[in-house]
Amino acid sequence: MSIQHPGVGHEGLTQVQSAEAQRIRDEEHVKLLGIFYYVSGGLSALFGLLPLFYVFVGAAVMAVPDLQSQQEAFAARAMGAMFASIGILLFVIAQAFAAAKFVAGYSLLRRRNRIACLVIAGITCLGFPFSTILGVFTFIVLLRPSVRELFDGREPAKELP
């Protein structure tokens with residue numbers, strides 16, 4: 001004996017169940033993407049510390065005692081400053097990417113800022129190979145109409161006959 005909703009045939013009930021199953025699947029996919037963005041952001045922040053090695057090398061070269069001539073001392077200090085500057089620039093860029101991934105993870109878990117998540121997914125695709133995979137899956141999930149409705153705060157449309 002099956003329970004039927006008034007005015008809904010057997011086919012309509014399975015469509016409602018199918019829409020509910022799709023909503024649950026969408027919520028799980030968005031939650032997993034949010035967690036993966038947190039993990040990816042943490043790894044990016046960790047590996048983003050590597051450019052600090054250039055900063056330390058540059059500072060060490062600039063701190064070398066005076067060499068025999070003024071030209072050699074100036075060249076050594078200029079080289080050290082260049083190393084330190086490049087290291088600082090790479091560090092800031094890497095940490096900005098990590099922060100963007102954390103923002104995407106937070107937004108995905110709260111179902112907010114879908115467009116910002118798509119932009120961050122595009123930037124994330126620049127990292128090869130794992131970040132590219134994460135970015136592509138983010139596009140696949142966030143471009144579904146049912147996920148768009150999930151982010152808009154609406155219930156997914158129920159297809160009734």
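Trainee: How much of the protein is buried?
Mentor: Buried residues make up 30% of the 161 residues. Keep in mind that this is a predicted model.
Trainee: What share of the contacts comes from residues 24 or more positions apart?
Mentor: Counting contacts with a separation of 6 or more, such residues account for 70%.
Trainee: Changing topic, salt bridges. How many does the structure hold?
Mentor: Four. In general, side chains of opposite charge can pair when their charged atoms come close.
Trainee: Which residue does arginine 23 meet in a salt bridge?
Mentor: Glutamate 27, with an N to O distance of 2.5 Å. Both residues sit in helix 1, four residues apart, which is about one turn of the helix.
Trainee: Is arginine 23 buried or exposed?
Mentor: Arginine 23 counts as buried, because its relative accessibility is 17% and the cut-off for buried is under 20%. Glutamate 27 has 25%, so that residue counts as partly exposed.
Trainee: Which other residue forms a salt bridge with glutamate 27?
Mentor: Arginine 111, where the closest N and O atoms are 3.9 Å apart. That pair links distant parts of the chain: arginine 111 is in the loop between helix 3 and helix 4, glutamate 27 is in helix 1, and 84 residues separate them. Arginine 111 is partly exposed at 28% relative accessibility.
Trainee: Which residues end up joined into one network?
Mentor: Glu20, Arg23, Glu27 and Arg111, through salt bridges that share partners.
Trainee: What about aspartate 26, which side chain does it meet in a salt bridge?
Mentor: The side chain of arginine 144, at 2.6 Å from N to O. Aspartate 26 lies in helix 1 and arginine 144 in the loop between helix 5 and helix 6 (145-152), so the pair ties together parts 118 residues apart in sequence.
Trainee: Are those two buried or exposed?
Mentor: Aspartate 26 is buried, at 0% relative accessibility. Arginine 144 is partly exposed, at 21%.
Trainee: Next, pockets. What volume does the largest pocket have?
Mentor: About 650 Å³. Its lining has 27 residues, and the ones nearest the centre are Ser40, Lys101, Phe130, Ser131 and Leu134.
Trainee: Which helices supply at least two residues of that lining?
Mentor: Helix 1, helix 3 (70-110), helix 4 (114-124) and helix 5 (130-142) each do. The largest share, nine residues, comes from helix 1.
Trainee: How does the lining of that pocket split by class?
Mentor: There are 19 nonpolar, seven polar and one charged residues in the lining.
Trainee: Last one: where does serine 44 lie?
Mentor: In helix 1, which covers residues 10-47. Serine 44 counts as buried because its relative accessibility is 19%, and the limit is under 20%.
Trainee: What is serine 44 in contact with, leaving aside neighbours within four places in sequence?
Mentor: Ala94, Gln95, Ala98 and Lys101.

Terms used
Residues numbered from 1 in each chain as written. Predicted model: local features only at pLDDT ≥ 70, side-chain atom pairs only at ≥ 80, totals over all residues. Heavy atoms only, no water. Buried < 20%, exposed > 50% of the residue type's maximum accessible area, 1.4 Å probe, protein only. Contact = heavy atoms within 4.5 Å. 1 Å grid on protein atoms, 1.4 Å probe; cavity = no way out; pocket = protein on both sides within 12 Å on 5 of 7 lines; lining within 4 Å. Points joined across faces, edges and corners; volume = space filled by probe spheres on them. Nonpolar A, V, L, I, M, F, W, Y, C, P; charged D, E, K, R; others polar.
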